[in-house]
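Open the model in your viewer and keep the selection panel handy.

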Amino acid sequence: MMTDRRPDAKHRISAIALTNRNRALWLAGVVALLAALCALSVTVGTRDVSWSDITAALAGRTDNLGQAAVALRIPRTLLGVLAGAALGLAGAVMQGVTRNPLADPGILGVNMGASLAVVIGIVWFQIETAGAYIWWAIAGAALAAVFVYTIGSLGRGGATPLKLALAGAATSVAFASLVIAVVLPRADIAGGIRSWQIGGIGGATSERIWPVLPFLAVGFAISLLSARKLNLLALGDELAVGLGERVAFARASASIGAILLCGASTAVCGPIGFLGLVVPHVCRLLVGIDHRWLLPFSALGGACLLIAADVAGRIAARPAEIDVGILTALIGAPVFIWIVRRQRVREL
Amino acid sequence: MVSTSLQTLIANRRRRQRRYRSVVSILALLVVALFALSLAIGQTVTPPLEVIRVLLGEQIGGASFTVGQLRLPRAVMSVLAGLSFGLGGVTFQLMLRNPLASPDIIGITSGASAAAVFAIIVLSLNGPIVSIIAVVAGLGVSMLVYGLSLRNGVAGTRLILVGIGISAMLESIIAYILSSAPAWNLQEAMRWLTGSVNGAQLGQAIPLLASLAVFGGLLLSRSRDLEALRLGDDMASALGVGVARTRMLIMVAAVGMIASATAVSGPIAFVAFLSGPIAARIVGSSSSPLVPAALIGAVLVLAGDFAGQFLLPSRYPVGVVTGALGAPYLIYLIVRVNRTGSAL
């Protein structure tokens, strides 16, 4: 027995080692890409800034306009990395939890739920601090997630990918229209209607970023720690139960991580959709379906995509800017349609 | 025995027709009443007699301006846009046999709206050419959505999701054009985001009226074929309807109406989506809901605009009111569709 198995096992181990080396290479590549994009994000913008001003600004000086512009780009880049990582990771977790290739914080209505909750808090309950925004956003995200999952799993066949996506997208459309209704009478934040409908990282300041850091940290930790559970869930509920996994607990805990990430990022950036859909699919092509690799890759990939979209939005529309939420929808919606087309469906 | 069952059949049919006629006349009266109400009541109340005299062309100090210049264009636009959205929306819902397949959900109004915004803001066009561009874009988008959802036949769910994806792209284009417009004007922006009849002018009603006459007439003349399509493609061709050609004609007519209305009033949220199911609920499943749905569209826009201007604590464009009404209904519908399967 033992002698029969050994060469095979050895072979398999070397195969795993090989793919792990590939993955490590990819990891290094993605980290390098992210670093390059961040550098680009700090240097490129509406105003051309000289190298000396950039280095001076990075050292903390804001003596002239160029240095001040760079000083504004630093928190923006930081927020882009954080929000992109949060949304990419949340998308991967949601796809794992629901075993649904169409899952995404935007498509499933979670981001718009967070947005609606913040807007209701601002207009009807006079919340003002960034900390309060986050609690409202997380509550909204959680309610929306539970709501969409519940209505998506009604009826025959449970929560099939298309039913869940339809429930989420319709909820998102409905919430978006309620956001307008709630915000419109308030002239003072009416200019902000747009920012609660389509997300962006334009107005980032470090004062707005600090309060979300603890929430994001907890969200990242919970999500990344759920990788093994998601791997088991991917085998199907029966097999996962057979292997000793508490399926409901695994789903609930991973979802809490994703909801924290979505709520916290929406509280600062507004709803950014489709990022969490695209990134995990690309990452799966690179590193495979093992969530222990997929989740960190999705986080890094999300950060890369969001920063790239933000920089592209600054270059393409000079001297104006295109909000990242606009660009992620333009990039992500075709991917969404492509995945929808690949799904087998029966008439509802 | 045979004769009694025939008699009950005929009696049932008579009852249905009577019911249909009374529903249509009540709805028509409601439209007229709301129209009159929105002419007579505003920040000030104009006596009915003065309203009539203004409509007959007399010059009356004050009333001529408020009724003739402000309220009349607005009310006319509300009626025409409402009729167009209601009729176009229910047509899609019937043809695709799914209440979620309404033009405002599957991206057709967003396509028309994006084209209109592009024509008005980027190309600085105005007048009927904007409507034409919007109609062409609406047709293009509907072809695209239909084409992209073809794969072993069109499945309703796939078509709706593809439409939602396309709609997300188009809406981000609208948002981009609006945000890069030289003067970001909230009122204008709201028109293209949710629809509004603020600042309507009588001149804008002409292309809308023309499209309603041409496309609406075409649709109503084909309503029998549309009824046949409701039974399914096989049944329809067995009944002698050229399925592909009829579907194409009906789609062009419905898109034409929706897009011309959108070019003027913006995509008034959920009117196309709400009218059909309400009409079907009122007339019952055995009568055609086309005309009732058109009238309900007009009622929704007139009532929504009136409420948005005068009944609510602050002033809203009509699209916000209909949007807030439609949102819960959309969610309710998803629940129902998932639980029991779909039918209008």
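Here is the tour, one selection at a time.

This is a predicted model, in which local features need pLDDT of at least 70 and side-chain atom pairs count only at pLDDT 80 or more, while totals for chains, interfaces and linings use all residues. Residues are numbered from 1 along each chain as its sequence is written, with chains lettered from A and ligands numbered from 1 in the order in which they are written.

**Chain A.** Select chain A and colour by secondary structure: you will find 16 helices and zero strands (DSSP runs, H or I of at least four residues for helices and E of at least two for strands, numbered from the N terminus). Its C-alpha atoms fill a box of roughly 75 × 50 × 35 Å along the principal axes. Of its 348 residues, 52% count as buried (20 or more other C-beta atoms within 10 Å of the residue's own, with C-beta atoms placed from the backbone).

**Helix α5 of chain B.** Next, select residues 128–149 of chain B, helix α5. Its buried residues include Val130(B), Ile133(B), Gly138(B) and Leu148(B).

**Where the chains meet.** Finally, show both chains: the contact takes 40 residues from chain B and 38 residues from chain A (C-beta atoms, placed from the backbone, within 7 Å). On the chain B side, α6 (156–180), α7 (186–194) and α14 (318–340) each supply at least two residues. Of these, α6(B) gives the most, with 16 residues.

Notes: Contact = placed C-beta atoms within 7 Å. Buried ≥ 20, exposed ≤ 12 C-beta atoms within 10 Å, placed from the backbone. Expected span 1.5 Å × (residues − 1).
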